[in-house]
Amino acid sequence: YGINAKTSFLNMDLLPELPYHLIDIQKYTKYRGGEYTISFETSRGCNYRCAFCACPQYSYIWRGMAVDKVVSDIKYLKEKLKIKAIFIIDDNFFGDIERARAIFCRLAEEEIGVVLDIYGMRIDTVERLSSDDFECMIKAGVRKVLIGIESGSQRVLNFINKSITVAQVLEQNRRIARYGIYVQYNFITGYPTETLDELRETVNLAFKLIKENKRAMINYFCIYVPLPGSQLYEFEKSKGMPVPKTINEWIEYDRIFVTNRKDVDLNIKLNIISLFIDKKVCFFVKSLLLRFLAGFYRPFARFRMRHLFFAFFIEEKMFMLINRMKFKLDK
């Protein structure tokens, strides 16, 4: 693989306006929580250095649009394009926490009335937010935040340079629960050096989070992928582990269901099961039939996940079938 030379980054405020008039905007929306949402980016980069992430390699400096531009663009989406819900997809929306506060305050003051789901939040960011901050977020329209936890093992968290603790995660999850905001937690399994006991710690933490916060959801248990330029990619290379080098080799990888890494069959099954252990299907799926089927299956999914019991695992083919049905039924 090759990596382009690093250059200076563009000022995001100088980027041209997106020509939304050239597309049918409704074709680019996705159903979430009762509304059709559109993705929107307000910043790029991340100020943290997680060992599994490629961001420190290709987007190593955080930079964001000015508050005025963010608010103006959101107003345009709501008023001109009639978008009711926006999914902010920044790597780290809270890279400048004062900017985030200012955006929420402006949206609340101007009563724009848009629903916001925010990707790119850390549990130690939650720790820095006051009660007033949460109240302002709610008034601004924040419905859900997505937080990367990555592992329930403190040893693994230290290994991947996540700079958080399991105790922090549990404490801040209980805080979020008090404000009624939905939260979706992301985990990754299959890290180099991760043991089966550490995988069980991750499963146990996931269950504890959804037990202590009724509005908590677990995202995919993503499968670890050695992203070029990341610290763990270099770690695997130094240990002589096989890593993809060509585009054809990368075809065999994704972080959800496809990988040619050895000994990850358990991780793939765990990934599929994690979709059904909570009620997130009601958030992401419009079809009442699929909601009913997922609810019926939930106790079985929880049993399999708690005990890592995957004998007679027919659910994989069933899931792929239901996933295809979802796109037809949700239109």
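This is a predicted model: local features need pLDDT of at least 70, side-chain atom pairs count only at pLDDT 80 or more; totals for chains, interfaces and linings use all residues.
**Ground rules.** I number residues from 1 along each chain as its sequence is written, and side-chain values use heavy atoms, without hydrogens or water. Local features need pLDDT of at least 70 and side-chain atom pairs count only at pLDDT 80 or more, while totals for chains, interfaces and linings use all residues.

**Helix α2.** I started with α2, residues 67-79; helices here are DSSP runs (H or I, at least four residues) and strands are too (E, at least two), numbered from the N terminus. Its 13 residues should span 18 Å at 1.5 Å a residue, taking 1.5 Å times one less than the number of residues. The end C-alpha atoms are 18 Å apart, which agrees. I then looked up its buried residues (under 20% relative accessible area; exposed is over 50%, partly exposed in between; 1.4 Å probe, protein chains only). They are K69, V70, V71, D73, I74 and L77. Their cover includes β2, β5 and α3.

**Salt bridges.** I searched the whole structure and found 15, each a side-chain nitrogen of Lys or Arg within 4 Å of a carboxyl oxygen of Asp or Glu.

- R101 pairs with E98 at 2.7 Å. R101 is partly exposed, at 23%.
- D117 pairs with R143 at 2.8 Å. This pair joins strands β6 and β7 across 26 residues, and both partners are buried.
- K162 meets E150 at 3.2 Å, N to O. K162 lies in the loop between α6 and α7, E150 in β7. K162 is buried at 6%, and E150 is buried at 5%.

Definitions and conventions: Contact means heavy atoms within 4.5 Å.
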